[in-house]
2 protein chains.
Amino acid sequence: MKLSMYDAAVPVSIRAMNNLATILEKGAAHAEARKLDPAVLIQGRLFPDMFPLARQVQIACDQAKSAAARLTGQEPPKFEDNERTLDELKTRIRRTLDYVGGVSSSAYQGAENRRVGFLLMDPYVLDMDGMQYLRDWVLPNFYFHVVTAYDILRSQGVQIGKQDYLAHAGYAIRRTAS
Amino acid sequence: MKLSMYDAAVPVSIRAMNNLATILEKGAAHAEARKLDPAVLIQGRLFPDMFPLARQVQIACDQAKSAAARLTGQEPPKFEDNERTLDELKTRIRRTLDYVGGVSSSAYQGAENRRVGFLLMDPYVLDMDGMQYLRDWVLPNFYFHVVTAYDILRSQGVQIGKQDYLAHAGYAIRRTAS
């Protein structure tokens with residue numbers, strides 16, 4: 001048995017986005033408990049010229065939906081980048097999960113050899129096969145934006161921890177008898 | 001063709017650690033140019049109770065070497081966590097790359113079904129098969145610490161960007177004719 005492209009791409013991003021939604025909920029609870037304007041959290045960033053939280057979440061979602069589309073020969077759906085609240089960011093995650101979850105695993109057949117090319121930033125294009133695209137582009141980018149979203153909330157004092165980021169792995173953790 | 005466990009685990013971590021070494025070099029150059037004590041950067045953190053840069057790099061390396069060991073039925077080598085300079089952190093990355101690079105791809109044969117169990121934090125143990133371990137534990141953890149190391153340096157004003165984090169993908173970026 002080897003990892004299929006579906007196995008390598010989809011369950012990973014579904015779980016990470018579910019964890020991210022929980023992390024955003026903790027951010028919202030934090031803002032409410034401290035009577036903070038939640039807009040402050042969404043605009044939180046680690047350095048003045050780095051993207052704020054909202055953009056990190058948007059790009060993480062875009063990586064996931066673009067991968068599901070491009071690896072299966074579809075055009076990635078466009079979502080407007082107009083979220084202004086943590087709730088709206090959660091909705092974007094939900095829409096992304098709906099899209100990714102709606103692509104059947106059989107559609108990924110042969111995805112590793114599918115040619116993936118798109119305009120990156122004029123005049124630069126990215127041109128890879130599906131395996132390179134998933135491994136060298138989608139997953140590093142996806143994780144980058146999920147972790148940076150986490151890091152922004154963490155740096156703002158939201159009480160989140162590795163157990164939130166790794167919540168999907170809880171099934172494999174058990175107490176020893178001793 | 002499907003992704004082998006070796007394909008999913010090894011090239012990814014080798015490239016990310018090489019990129020991380022470059023990012024640390026840029027941190028060192030930044031410290032030197034601004035006459036900063038480099039120890040300040042190594043102890044940089046995003047929040048008082050979050051691990052500093054040095055520990056983020058150590059854990060990223062540990063995830064990579066533990067994965068190479070456990071997926072191939074070996075005991076992970078222990079490295080002391082005593083790095084005090086950015087150069088010493090680069091050496092740790094180099095030692096990790098040597099270890100990971102020294103495990104042949106054939107040793108990963110059947111790794112997806114290999115039982116992986118270890119003490120997480122007394123009394124909790126992690127117990128997974130190799131595919132779960134790689135996909136649900138190693139990669140999310142590895143990326144978490146690599147990205148957080150990047151985020152710490154970025155938050156300290158080091159001039160690094162996505163092109164450093166994604167340097168490995170340069171082979172697939174080209175200029176359009178127009």
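Reply: Start with B:K35, which sits in the loop between α1 (5–33) and α2 (38–42) of chain B; helices (H or I, at least four residues) and strands (E, at least two) are DSSP runs, numbered from the N terminus. Before we go on, this is a predicted model, where local features need pLDDT of at least 70, side-chain atom pairs count only at pLDDT 80 or more, and totals for chains, interfaces and linings use all residues. Residues are numbered from 1 along each chain as its sequence is written, chains are lettered from A and ligands numbered from 1 in the order in which they are written, and side-chain values use heavy atoms, with hydrogens and water left out.

Me: What is the phi of B:K35?

Reply: Most residues other than glycine have a negative phi. B:K35 has a positive one, near 55 degrees. In chain A, A:K35 also has a positive phi, about 55 degrees, and its loop lies between α1 (5–33) and α2 (38–42) of chain A.

Me: Is B:K35 buried or exposed?

Reply: B:K35 counts as exposed because its relative accessibility is 75%. The scale calls a residue buried under 20% relative accessible area, exposed over 50% and partly exposed in between (1.4 Å probe, protein chains only). A:K35 is exposed too, at 75%.

Me: Which peptide bond in chain A is cis?

Reply: Most peptide bonds are trans. The one from A:D122 to A:P123 is cis, with omega near 5 degrees, and A:P123 belongs to the loop between β1 and β2 of chain A. Chain B has a cis bond from B:D122 to B:P123, again with omega near 5 degrees.

Me: How many strands form the open sheet, and in what order?

Reply: Strands of a sheet pair through backbone hydrogen bonds, either parallel or antiparallel. Here 3 strands make an open sheet, ordered β1(A)-β2(A)-β3(B), with antiparallel pairing; two strands pair if DSSP finds at least two bridges between them. β1 (115–121) of chain A and β3 (173–175) of chain B are the edges, each with a single partner strand, so one side of each has no neighbour in the sheet. Between β1(A) and β2 (residues 124–129) of chain A there are 6 bridges, and A:L119 has A:V125 as its bridge partner in β2(A).

Me: Which helix packs on the sheet?

Reply: Helix α5 (residues 130–155) of chain A does, touching β1 and β2 of chain A as well as β3 of chain B. Contact means heavy atoms within 4.5 Å.

How values were computed:
Axes fitted to C-alpha atoms, helices over the stretch in contact; angles between N-to-C directions.
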